[in-house]
Amino acid sequence: MRLISLEISNFRVIRNVRLTFPDSVIGIIGPNGAGKSSIIEAVSWALYGNQAARTGKDEIKSSFARADDNCEVRLEFSVNEERYRVARRLVGRTERAEVELYRGEASESVGVNETKAYVGQLLGLDWRGFLSSFLARQAELNALSDLQPSKRRDHIAGMLGIERLDKAIQRVKEDSRLYKDKGQFLERQIAQKDQVLNRLEQLREALSDFEEPLAELKREQEKAESQHKAAKDELASVQKKRDEWLRLQARIQVQRTTLEALVQQQKALSDEQEKLTQHERDLENLGRQLSELTPAREEFEKQKEAKSKIAMKEELTERQKSTEAQVAQEKTDLEALERKLGEIDAALSKYPENIEERFRNEQQRLESARDEYSRLRAELESGRKQAAKLQEQLKSVDKLGPDSVCERCRRPFGEDFQQIRNHLAAEVAQLLRDLSKAEQGMLQQKKAGEKLRDLVDQLEREKNLRYQSTLDRQSTVREMDSLRRRLEANQNILEQIGDQLTGYKELYYDPVRFREAAEKFERMEKMKERHDQLTGSLARLPIVRESIAEVGRKLEETRKNEARLTEEATGLGYNEDTFRELSVAFEQSRKILDSASNEYLTRSKEKELTEKELEGKLEQLKSFEEAELELEESRSAHYYGEKLGRLFGDFRQELIASIRPSLADISSGLMAEMSGGKYNLVELDEKYNLRVMDSGVYYGVDRFSGGEKDLANLCLRLAISLALTESAGLTRSFVILDEVFGSQDNQRKELILQAMAQLKNRFPQILLVTHVDDVKDGVEEIVEVVPTGSGWSEVRVNGVNV
């Protein structure tokens, strides 16, 4: 695998950077905390996501980025000469994760899970294996020689991915334990087999005891059914006569009811006939009195018309007075509204017409000032945190002196102490000066914003007052227009009333004469109404006479029908006492039949339940036989699982032992190249102690100088990376060396840098991450990470910002 290019936006302390990776030794240089590791971490994050980051998701996006900005890393790389491109981002405020991977120009995967699986399959490594293969840290080099033998062996095994074999061994042991537990459970189940066999025998005996009692109960049920049927047939015969008798009794009752109604109807018709005869005499007397009706009506209408005109005149006079008062009030109100309109126009003249536009412009200026103030405050807060961190680091350095330890490689500063201390002090001083300027700028911005806010508040008040005055003027004009229309309408009404009153000047009306005419007309109308009623009622007299004759004929016919039906009912020979006796006998036979049927059904149900229990026990016996077979299988699986676990354990020991010679061979070649041929052979003993041959004899690395010890550990660490990449099918890959110059003197540093050039046939791309400035002359490409003092770092390639 080879790196081609890397683009970073708002990741950790890196704002915007684009890097290319040629086949060369590349130095990534900068002070501690500047963000060198952020560049390396961006590579692993682009490939594997949040799980490959040092912190949680909420700390990946840059603190200086705006909420709507994206955090994004784009990595282009090649595997076996095939080019790939992956883009991973955290989107917007919610920091939603998005990722796509392309092979050439073709999309291969979209989404977190799909891309994770694709990268794992492509590289043959998960994120831990990736870091172990391509990234070598100083702390790992120290562990290779400083750990106890057992821990050192486990540490190397973990780096080589042997923990996956450990997981397989653990899974085999867990499966074996499950089979053991299952066998014990089956043994407890099978222990109940004898109880089931005893119960089967009991159930078979119980079934044989059911046969004779059930047959006897069946015979008793059939006998009760026969007796019940006979009682039912006899009752049905009498029931038929009873139904006919009841039907005749109902018809007889109908005839009697009809007879009573006809007698009453005959009496009512006779009374009505006598009443109508009296009406004939009354009608003759009324006819003579009604001759005065027409003169009385004419006199009443005349008096009524005179009264109506007098009332109309009085009403018009009252309306005239009311309308005149309303017209006077409307004129007064109109004058008041004209005065109010003048006052409103005077108030409007105080405010310019463009006050709305001025308010919007000043408000936009206020919003811009607020945004600028917020930005300055955020930058100031970030700078204060960075200054506090640097001051704390400087105090620690001053306190411990040359024995101060580098935060990255954990090595003493030694002779570099004064240079590093001066560099930190200069950074703190520059940062404090920048903070002072930022505070002054923020204070000036705050004062300008307060003035703008007062102006905006004043303009808003004036704008609201002008708007309210405009509304008041429009309302007043509408009210004046409405009032003028009402005034004009009322004046027209007064003219119409005057014209109408002119026609009512000469009128005469006598209330006494009107009352006498009205009373006489009312008496005559009542007589006319009574005359009409009597005339209408006399129209029924012929009908009443015919009805009396018809009712007489119906009375005779109804009496004959009653006598005939009574004779038919007597001829049926039905007796109510006999019917009740037969009903009692039928009910008793039904109860006897129900009792016999219930007894037979109960015993049959008991037999059915016994048969079902027998079937269940037979099925349970069958399951015991299956459990015995399954028990044998579980015992066998447990036995072979235990045996397989032991074989895996032996294989693990053999595998670790076989890896040692391979790692020793690779380490020896690297040691020869990087030491200029001084040391040619390296070995790992059974405890994975690192030993270097000197003058024909193998010695432990503790015998050599600190630089030579680090060199030997570095060769072993690079051997592990080569073994991992070759096992994953990745040849001629890159390697990242993180702070490996911690304890090297200048001569050894130069030697290692010269040796790096000899490793290019193994590692075409070598990335050296260090805070040591004097390695610049020994690398082919220089990537400098420089803090700006504003919470983010600049990146320069060979002195040029990128």
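User: Happy with that! Which pLDDT do side-chain atom pairs need in order to count?
Analyst: Residues are numbered from 1 along each chain as its sequence is written, and side-chain values use heavy atoms, with hydrogens and water left out. This is a predicted model: totals for chains, interfaces and linings use all residues, local features need pLDDT of at least 70, and side-chain atom pairs count only at pLDDT 80 or more.

User: Is arginine 66 buried or exposed?
Analyst: Buried means under 20% relative accessible area, exposed over 50%, and partly exposed in between (1.4 Å probe, protein chains only). Arginine 66 has 60% relative accessibility, so this residue counts as exposed.

User: Which residues are linked with Glu72 in a network of salt bridges?
Analyst: One of the contacts is between glutamate 72 and arginine 74, whose side chains meet at 3.0 Å, N to O. Glutamate 72 is buried because its relative accessibility is 16%, whereas arginine 74, at 32%, is partly exposed. The salt bridge network joins Glu72 with Arg74, Arg89, Arg96, Glu98 and Glu100.

User: How many bridges pair S4 with S5?
Analyst: Strands (E, at least two residues) and helices (H or I, at least four) are DSSP runs, numbered from the N terminus, and two strands pair if DSSP finds at least two bridges between them. Glutamate 72 faces arginine 89 in S5. The pairing of S4 with S5 (residues 82–91) is antiparallel, and the bridges number 9.

User: Which residue takes a positive phi in the hairpin of S4 and S5?
Analyst: This hairpin has 2 residues between its strands. The phi near 50° belongs to asparagine 80.

User: S4 also pairs with S1. Which residue of S4 does serine 5 stand opposite?
Analyst: S1 (residues 2–11) runs antiparallel to S4, with 7 bridges joining them. Across from serine 5 in this pairing stands glutamate 76.

User: How far is methionine 1 from glutamate 82, C-alpha to C-alpha?
Analyst: Methionine 1 belongs to the segment before S1, and its 2% relative accessibility makes it buried. Along the chain, methionine 1 and glutamate 82 are 81 residues apart, while their C-alpha atoms are separated by 9.5 Å.

User: How many residues apart in sequence are the parts that glutamate 272 and arginine 540 tie together?
Analyst: The closest N and O atoms of this salt bridge are 2.7 Å apart. Glutamate 272 sits in helix H8 (residues 211–289) and arginine 540 in the loop between helix H12 (511–537) and helix H13 (541–571), so the parts tied together have a sequence separation of 268 residues.

User: What span should helix H10 have, and how far apart are its end C-alpha atoms?
Analyst: The expected span is 1.5 Å times one less than the number of residues. H10 has 46 residues (355–400) and should therefore span 68 Å, which agrees with an end-to-end C-alpha distance of 67 Å.

User: Which residue just after H10 takes a positive phi?
Analyst: The phi there is about 70°. The residue is glycine 401.

User: How many cavities of 30 Å³ or more are there?
Analyst: On a 1 Å grid over the protein atoms alone, a cavity is a set of points where a 1.4 Å probe fits but cannot get out, and a pocket is an open set with protein on both sides within 12 Å along at least five of seven lines; lining residues have an atom within 4 Å of a point. Points are joined across faces, edges and corners, and a volume is the space filled by probe spheres set on them. At 30 Å³ or more, the cavity count is 1.

User: How many charged residues line the largest cavity?
Analyst: Its volume is about 50 Å³, and its lining includes Ile40, Phe130 and Ile736. Ala, Val, Leu, Ile, Met, Phe, Trp, Tyr, Cys and Pro count as nonpolar, Asp, Glu, Lys and Arg as charged, and the others, Gly among them, as polar. The lining has 8 nonpolar residues and 1 polar, while the number of charged residues is none.

User: Which residues lie nearest the centre of the second largest pocket?
Analyst: This pocket holds about 270 Å³ of space. Its lining has 7 nonpolar, 4 polar and 6 charged residues. Of the 17 lining residues, those nearest the centre are Ala52, Arg54, Leu131, Leu135 and Arg137.

Conventions
A salt bridge is a side-chain nitrogen of Lys or Arg within 4 Å of a carboxyl oxygen of Asp or Glu.
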